[in-house]
Amino acid sequence: METRWMYHTSATFGELRTASRGTCLIPMGCVEKHGLHMALGTDIMIAERVAYMASQLETVAVFPDYIFGDVAERQSEHTEGTLTLPIETHFLLLEQLCDQIYRNGFRKILIYNCHGGNQAWLEAFIRNLDNKEKNYVVAKAFVEEQAPHVMARRILAEGSGAIPELTAEDEALLLRYHKEGMTLGHACFGEGSFIMGIAPETMRLDLLGRESGLSTGESAPYREVGIALKSNGWNLDFPNAFCGHDPYGMNERIGAAALRMEAERLAKALRVFKEDEKLLAMLDK
Ligand SMILES: [Zn+2]
């Protein structure tokens, strides 16, 4: 059925609420630099597509995209095109949106977040809502990059052909990167593969090689003595907003497989969340 909140009319919305058993999914991302080679909207593009695909496997209402995130633009020399909102704005806006979701008859809200910089404030946000004794439950799920490591592990476990979208050449590439211990993190092979399945026209691999995606190691001295910098020093280590080995060799087949596998993983989480009775019972105590 149509699972997107925005695609329903007031007359059909109740059917969506019933079929989703009062469970709503918020796709969340941000608008920020992804190296020089990937689109500013990468995170929200991934969130939107995977959330929709997962909702087709396990029916939940998909809320309009939460596009804006917290981006550490102060730490970055490269802020061209980046958008960031203050954390207090997120706290207020997201709480008010969750209240609206509840007002529309949903008591379970899962945030599918595809931007690492949102994780810290989201954790505090969820705790804060709980302290406010809302009559609904909010939880979060974070994106998991499927290519190359998760996919390679599946091929190793189940054999060639385990991921039907792939050719023998694709399998060989994924296995090679896996064996070499390819670094992932941001604007990397993992994120890039998703985007190859969504908006390959935004990929600018011709711009690779100008800025490195490997760690400067600058946060290590702090970590060694037990000091936790913001985001574990990510902005010191990866000043180019790029973390990972250069993602050569991605294609649309790998992209389609990565999206399908991530959607299946999220659908599994949705099923557990949707069927759960304990979390709401705790509220009603
Ligand atoms: Zn990203």
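Guide: Domain bounds come from an automatic or database domain assignment. This is a predicted model, in which local features need pLDDT of at least 70 and side-chain atom pairs count only at pLDDT 80 or more, while totals for chains, interfaces and linings use all residues. Residues are numbered from 1 along each chain as its sequence is written.

Visitor: Okay, what domains does the assignment give?
Guide: The assignment gives domain 1, made of 5-144 + 263-284, and domain 2, made of 149-261. Taken over C-alpha atoms, the centres of domain 1 and domain 2 are separated by 23 Å.

Visitor: And how many residues does each domain put into the contact?
Guide: Domain 1 gives 24 residues and domain 2 gives 28, where two residues are in contact if their C-beta atoms, placed from the backbone, lie within 7 Å.

Visitor: Which elements give two or more residues to the domain 1 side?
Guide: Those are helix 2 and helix 10, helices being DSSP runs of H or I with at least four residues, numbered from the N terminus. Helix 2 supplies the largest share of that side, 6 residues.

Visitor: How do helix 2 and helix 10 sit against each other?
Guide: The axes of helix 2 (residues 42-57) and helix 10 (residues 252-275) come within 8 Å and cross at roughly 60°; axes are lines fitted to C-alpha atoms over the stretch in contact, and angles run from 0 to 180 degrees between N-to-C directions. Helix 2 and helix 10 are therefore oblique to each other, since angles under 35 degrees count as roughly parallel, over 145 as roughly antiparallel, 65 to 115 as roughly perpendicular and the rest as oblique.

Visitor: Which residues make that contact?
Guide: Among them are Arg49, Val50 and Met53 of helix 2, and Leu259, Glu262 and Ala263 of helix 10.

Visitor: Switching topic: is Ile155 buried or exposed?
Guide: Ile155 has 20 C-beta neighbours inside 10 Å and so counts as buried; the cut-offs are 20 or more other C-beta atoms within 10 Å for buried, 12 or fewer for exposed, and partly exposed in between, with C-beta atoms placed from the backbone. Ile155 lies in helix 5 (residues 149-158).

Visitor: What does Ile155 touch?
Guide: Leaving aside neighbours within four places in sequence, its contacts include Ser160, Ala162, Glu171 and Leu174.

Visitor: At what angle do helix 5 and helix 6 pack?
Guide: Helix 5 and helix 6 (residues 168-179) pack at about 110°, with their axes 9 Å apart, and are therefore roughly perpendicular to each other.
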